[in-house]
Structures are given as structure tokens and as C-alpha cells.
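Reader: I'm new to this one. Can you show me what we have, and then take some quick questions?

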Amino acid sequence: MSEVEKPKKATLIAWSDELDKIYPVLILATTAAAYDVEVTVFVTFWGLLAFKKNGRGITGKNWMTKMLSFMRRGGTDKLKLSKMNMGGMGPWMMKKIFKAENVPTLDSLIQVALESGVKFIPCQMTMDAFGLKREDLIDGMEDPAGASTAIDVALESQINWFI
Amino acid sequence: MSEVEKPKKATLIAWSDELDKIYPVLILATTAAAYDVEVTVFVTFWGLLAFKKNGRGITGKNWMTKMLSFMRRGGTDKLKLSKMNMGGMGPWMMKKIFKAENVPTLDSLIQVALESGVKFIPCQMTMDAFGLKREDLIDGMEDPAGASTAIDVALESQINWFI
Amino acid sequence: MSEVEKPKKATLIAWSDELDKIYPVLILATTAAAYDVEVTVFVTFWGLLAFKKNGRGITGKNWMTKMLSFMRRGGTDKLKLSKMNMGGMGPWMMKKIFKAENVPTLDSLIQVALESGVKFIPCQMTMDAFGLKREDLIDGMEDPAGASTAIDVALESQINWFI
């Protein structure tokens with residue numbers, strides 16, 4: 001064939017903010033990127049809380065969104081496990097186990113992902129609903145966009161996952 | 001090319017009955033439909049409870065399925081959040097936040113989906129297991145079908161999501 | 001066309017160990033296999049616990065992984081429901097309801113899957129993290145592999161699901 005092969009694409013919808021769901025998002029994203037797959041992570045709903053800057057404190061624009069940010073801090077330091085959370089002991093143990101196995105931390109996986117060209121797109125509707133500002137989120141993310149952007153890139157992707 | 005481009009397809013498996021999972025199902029389905037994507041939503045397991053008619057009361061055919069329907073009412077009015085449910089305060093807050101942001105209600109999203117040609121297929125095995133009758137579910141859904149139908153349409157779809 | 005049609009492929013990432021998530025994994029996998037789809041199930045994170053041999057007892061290589069195996073036994077006999085678990089009454093009821101509807105048990109679905117050529121690949125990173133050995137898992141699974149194997153087969157698949 002004379003045509004140049006088009007790059008393969010993967011789109012991950014990162015819906016959850018839990019440690020045990022953010023790990024697969026980042027491991028699959030970085031692994032795919034290492035295979036020269038063009039990876040887009042559309043970060044929506046609870047997922048956006050995981051991409052808040054650590055130590056950002058209370059965010060939101062009214063008492064409800066402020067209360068939500070108080071109860072669910074967000075940032076990679078404060079993530080819970082979806083199972084076996086045991087009041088924070090679960091995530092502590094999981095991080096310890098992962099460290100012993102030389103599994104990279106979430107922060108270093110995010111760094112690797114960004115350096116490999118993985119695009120993290122914050123969901124505009126979620127930002128509006130949770131009263132999150134661009135500066136509440138980690139550096140290196142793309143401009144916020146809507147579901148139509150997610151559909152657009154998903155239609156061109158060989159791999160689609162909702163995580 | 002002389003061939004007419006075939007329409008793109010998306011298949012969503014709606015497995016969960018929670019407010020925060022039904023929202024992405026409906027937002028992604030309606031957005032894709034607005035892009036002329038042929039969307040099928042295969043509604044299975046807990047997901048089917050979200051598509052019960054509101055105020056349908058106790059359903060089921062034996063004490064176990066009746067008890068299940070009592071403990072998990074179903075219908076868009078009664079959905080919980082998968083996280084931060086806080087005894088019903090979470091869903092109440094979420095609906096309030098969404099209303100303030102002009103996010104459509106679940107009922108209006110379902111209406112838009114149906115009008116855009118999104119097909120909602122109830123899972124036959126789930127209906128049998130939960131003792132749900134066709135008239136327990138909202139109007140406008142397709143005839144119940146099995147997993148083979150889901151596989152069939154999924155194989156032809158550019159986008160597949162399990163939500 | 002003179003070309004022989006290539007077999008279709010489906011890749012399921014089985015991330016969860018709950019009864020109500022393992023069921024869709026196995027029903028979708030066996031149904032797809034019955035359609036001559038080549039099915040790969042990449043079993044990762046909590047999912048691997050569901051594929052421990054029943055009655056395997058405490059597994060793990062240090063106090064943390066041993067404690068995890070004590071609190072979350074694994075094996076098809078011990079799976080919880082993600083919702084309505086009610087201290088074990090939920091899974092008991094669900095199994096009873098399924099039996100009345102002639103839904104096959106998990107064990108027989110696994111057997112059918114293996115006989116239909118479904119490949120179950122244990123995630124190496126999870127095995128290391130949880131201190132699981134090959135002999136802790138059910139017979140018939142493939143050799144453990146990493147995320148790159150999952151990406152590899154997912155890129156060739158018409159259907160990808162993260163469950």
C-alpha cells in the first residue's frame with residue numbers, strides 16, 4: 001500500500017476519582033502511548049476531582065459545591081479506594097504494596113503520560129457543576145470541552161473505555 | 001468513492017442504576033445521536049431499575065424480587081448516587097446543582113434520546129430474574145432481547161462502552 | 001472478495017471481583033465466543049480475586065497481602081454484590097433467583113468459556129502486588145502478562161469493554 005498508516009487512537013473516559021480506578025486509567029494510557037497510540041483521556045464527573053492540584057483546599061462557588069469539595073478533597077494525595085477503603089487504611093496499604101513492587105506513583109504516571117503526549121481533557125459540564133476553575137486542576141491538561149469532543153475522538157478510536 | 005458512507009454506531013451497556021452513571025449514559029447517547037450516530041443502549045442488571053416507570057410501586061413475582069423492588073424502587077425519581085449518597089442528600093444536591101447549571105433532567109434526556117432515535121433494549125434475562133414486566137418499564141423502549149443482540153450490534157459499533 | 005474474512009475479536013478487562021460484575025463478563029464472553037468471536041479477558045486488580053481457586057485460604061507474601069486475602073477471600077463462592085450486598089444475603093438471594101431462572105452458575109460459565117476458547121489472562125502486576133501465585137488461580141488461565149498485552153489485543157478488537 002502506498003498510503004501511510006494512520007496512527008491508532010485510544011479514548012479513555014475517566015469517570016471515577018478512586019485510587020483503584022485512576023491507576024488503570026493511567027497505566028493503560030501510558031502503556032498505549034508507549035505503543036505510539038494517540039491517547040485522549042476525557043476526565044468527567046468524579047474523575048475530575050482526582051486531577052485537582054494537591055492541597056488546593058476548598059473549591060466551589062456556592063455552599064453545596066464547597067461542601068462537596070470539603071467532603072471529597074480530591075487531588076492524588078486524597079483518593080479513596082472503591083472497595084476496602086477502611087477509613088483510609090486501604091489506600092495507605094495499597095500505596096505501600098505498590099511501592100514495594102516498584103509500581104510508579106499516580107503523580108509520576110501523570111508526568112509520564114503528559115510527556116508521552118497523552119491529552120487530558122477536563123469535562124466542561126463537570127467543571128461548571130462542581131464550580132471548578134482551570135487553576136484548581138493540575139498543570140498540563142487541555143482546555144475544557146464538552147461531550148461532543150469525547151464522541152468525536154471516540155468515533156476515531158480503536159480502543160474506547162469507560163473507567 | 002462511489003459507496004455511500006455507512007452510518008457510525010455506538011453501543012452503550014447501561015449496567016448501573018445510579019444517578020451518576022445514568023447521566024453519562026444519557027448524555028453520551030444523546031450527544032452521539034446528535035452527531036447522526038446510531039445509538040443502542042442495552043439496559044441490563046441494575047440498569048433496568050432506572051428505566052422503571054416512576055411510582056410503579058412494588059414489582060416482582062416472588063418474595064425475593066418483591067423485596068428487591070421495595071429496597072431499590074427504581075425509576076428516575078428514586079436513583080441514588082454511587083458515592084456521596086448521604087442517605088438521599090447527595091442526589092438531592094446533585095439535582096439542585098445540575099438544575100442551576102441548566103443540565104437537563106434525566107426524564108428530559110430520555111425524551112430527547114427517544115426522539116433522536118436512540119434505541120433502549122431491555123435485557124430479557126434481567127427482566128426474568130427481577131420479575132419485571134414490559135409495562136413496568138418506561139414507554140418507548142424496544143422489545144427485550146438477550147446478550148447475543150448486544151454482541152451483534154456491538155460488533156458493528158465504532159464506540160462500545162460498559163457503564 | 002477473495003480474502004478470507006478475519007475473525008472478529010473482543011477484549012474484556014475484568015477489573016472487579018463482584019458477583020454482579022463477573023456475571024456480565026462471563027455472559028458477554030461466552031455469548032461472543034458462541035458467535036465465533038475471539039475473546040480475551042484480561043483479569044486485573046480486584047478481578048483477579050474472583051479467579052482464585054475456591055477454598056484456597058489465605059494467600060499473599062506479607063502481612064498486608066495476607067490480611068487483604070483474609071478480608072476479601074476471593075473465589076466464585078465468596079463474591080459480594082457491589083450493591084445490596086446486605087452482609088451476604090444479597091449474593092445468596094441473587095444466586096437463588098438466578099438458579100430459579102436457569103441462569104448458569106459462575107463456575108459453569110467459566111467452564112463454558114474455557115471450552116469455547118476464551119482466553120483469561122491474569123495481570124502480572126496485580127499478581128505481584130497481591131502476592132498471588134499461578135497455583136492460587138483456577139486452572140485453564142493463560143500465562144500472566146502485562147498491560148502491553150492488553151493494549152496489543154485491544155487494538156485489534158472490534159469490541160472493548162472495561163467492566
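This is a predicted model: local features need pLDDT of at least 70, side-chain atom pairs count only at pLDDT 80 or more; totals for chains, interfaces and linings use all residues.

Reader: Start with chains A and C. How many residues does the contact take from each?

Author: It takes 22 residues from chain A and 18 residues from chain C.

Reader: Which elements of chain A give two or more residues to that side?

Author: They are H1, helix H4 (89-100) and strand E4 (159-162) of chain A. H1(A) has the largest share, with six residues.

Reader: And by class?

Author: The side of chain A that touches chain C has 14 nonpolar, three polar and five charged residues.

Reader: Left-handed or right-handed?

Author: The crossing of H1(A) and H7(C) is right-handed.

Reader: Which residues meet there?

Author: From H1(A), they are A:Ile27, A:Leu28, A:Thr31 and A:Ala32. Across from them in H7(C) are C:Ala147, C:Ser148 and C:Ile151. Sorted by class, this helix contact has five nonpolar residues, two polar ones and no charged ones.

Reader: New topic. How many residues of chain B and chain C are in contact?

Author: 18 residues of chain B touch 22 residues of chain C.

Reader: Which parts of chain B supply at least two residues each?

Author: Helix H3 (63-71), helix H6 (124-130), helix H7 (147-155) and strand E4 (159-162) of chain B. H7(B) gives the most, with five residues.

Reader: Now H7 in chain A. Which residues are buried?

Author: A:Ala147, A:Ala150, A:Ile151 and A:Ala154 are buried in that helix, residues 147-155.

Reader: Why are they on the same side of H7(A)?

Author: Because they cover an arc of only 100° around the axis.

Reader: What do these buried residues pack against?

Author: In chain A, the buried residues of H7(A) pack against strand E1 (9-14), strand E2 (38-43) and E4. In chain B, they pack against helix H1 (19-34) and E4.

Note on methods. Residues are numbered from 1 along each chain as its sequence is written. Chains are lettered from A and ligands numbered from 1 in the order in which they are written. A crossing is left-handed if the near helix is turned anticlockwise from the far one by less than a right angle, and right-handed if clockwise. Helices (H or I, at least four residues) and strands (E, at least two) are DSSP runs, numbered from the N terminus. Two residues are in contact if their C-beta atoms, placed from the backbone, lie within 7 Å. Ala, Val, Leu, Ile, Met, Phe, Trp, Tyr, Cys and Pro count as nonpolar, Asp, Glu, Lys and Arg as charged, and the others, Gly among them, as polar. A residue is buried if 20 or more other C-beta atoms lie within 10 Å of its own, exposed if 12 or fewer, and partly exposed in between; C-beta atoms are placed from the backbone. The arc is that of the directions from the helix axis to the C-beta atoms.
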